[in-house]
Amino acid sequence: MDKFSEKLFSLPKNLSQAILDFCQNSHLYPQAEEEILSLLEKNPEKLSLAFATPLAFGTAGVRGTLDVGSSHINPITIAYLTQSLANYSQKIAKDKVRVALGYDNRKNSSLFAELSARILA
């Protein structure tokens, strides 16, 4: 067991498992483990909320705050949502799926668009 996993050992099993699952893709969000450990030390309640419920598509798309955790928007959740959309599109499409991606001046918008493009390519 690595040091990161050891620190999570004191958490409820469902929370520690949600964090470990999230961190399987930490190469997309290198500072994730550091931010999680900081929350564990300084604000465990906020850490728990960060993994309480995963983001989901709604009538206005996906909305949330930029932060670590499966309940927030970050590179890991964007990758998950993009792959989910790709899987669904391929399942229902009669022909080859084509996608147009855009971004604006909001924080990380171009990063998320580039990540989505790599996943969809």
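This is a predicted model: local features need pLDDT of at least 70, side-chain atom pairs count only at pLDDT 80 or more; totals for chains, interfaces and linings use all residues.
Local features are reported at pLDDT of at least 70 and side-chain atom pairs only at pLDDT 80 or more, whereas totals for chains, interfaces and linings use all residues. Residues are numbered from 1 along each chain as its sequence is written, and side-chain values use heavy atoms, with hydrogens and water left out.

The protein contains 6 helices and 0 strands, and its pattern along the sequence is α-α-α-α-α-α. Helices here are DSSP runs of H or I with at least four residues, strands are runs of E with at least two, and both are numbered from the N terminus. The C-alpha trace spans about 50 × 30 × 25 Å along its principal axes. Of the 121 residues, 33% are buried; buried means under 20% relative accessible area, exposed means over 50%, and partly exposed lies in between, with a 1.4 Å probe and protein chains only. When contacts (heavy atoms within 4.5 Å) are taken between residues at least 6 apart in sequence, 47% of them join residues at least 24 apart.

In soluble globular proteins, nonpolar side chains tend to be buried together. A nonpolar core is defined as a set of buried Ala, Val, Leu, Ile, Met, Phe, Trp, Tyr and Cys residues joined through side-chain atoms within 4.5 Å. The largest such core in this model has 17 residues, and I19, F22, I36, L47 and F51 are those that touch the most other members. At least two residues of this core come from each of α1 (3–8), α2 (13–23), α3 (32–42) and α4 (44–50). A second core is separate and has 7 residues, including L55, I73, I78 and A79.

Leaving aside residues up to four places away in sequence, F22 touches Y29, A32, I36, F51, V68, G69, S70, N74, I76 and T77. With the same exclusion of residues up to four places away, S70 touches F22, A50, F51, T53, P54, L55 and T77.

The helix that carries F22 can be examined next. In α2 the buried residues are L15, S16, I19, F22 and C23. They lie on the same side of α2 because they cover an arc of only 125 degrees around the axis, the arc being that of the directions from the helix axis to the C-beta atoms. These buried residues pack against α1, α3, α4 and α5 (75–92). The exposed residues K13 and N14 are carried on the face of α2 turned away from the buried side.

Side chains of opposite charge can pair when their charged atoms come close. A salt bridge requires a side-chain nitrogen of Lys or Arg within 4 Å of a carboxyl oxygen of Asp or Glu, and the whole structure has 2 of them. In one, K46 pairs with D67, with the closest N and O atoms 3.4 Å apart. K46 belongs to helix α4 and D67 to the loop between α4 and α5, so this pair ties together parts that are 21 residues apart in sequence. Both are partly exposed: K46 has a relative accessible area of 37%, and D67 has one of 21%. The other salt bridge joins the side chains of D104 and R106 at 2.5 Å, N to O. D104 is partly exposed at 34% relative accessibility, while R106 is exposed at 61%.

The loop between α5 and α6 (109–120) contains N108. N108 is not a glycine, yet its phi is positive, at about 65 degrees; its relative accessibility of 32% makes it partly exposed. K94 is also found in the loop between α5 and α6 and is exposed at 82% relative accessibility. The C-alpha atoms of K94 and A79 are separated by 24 Å, the two residues being 15 apart along the chain.

Finally, the accessible surface of the protein comes to about 8600 Å², and 52% of it belongs to carbon and sulfur atoms; such areas come from the Shrake-Rupley method with a 1.4 Å probe. On this surface V97, V99, L101 and L120 form a nonpolar patch with about 300 Å² of accessible area together. Patch members have over 30% relative accessible area and no salt bridge, with nonpolar side chains (Val, Leu, Ile, Met, Phe, Trp, Tyr) joined within 5 Å and like charges within 9 Å. V97 lies in the loop between α5 and α6 and is partly exposed at 33% relative accessibility.
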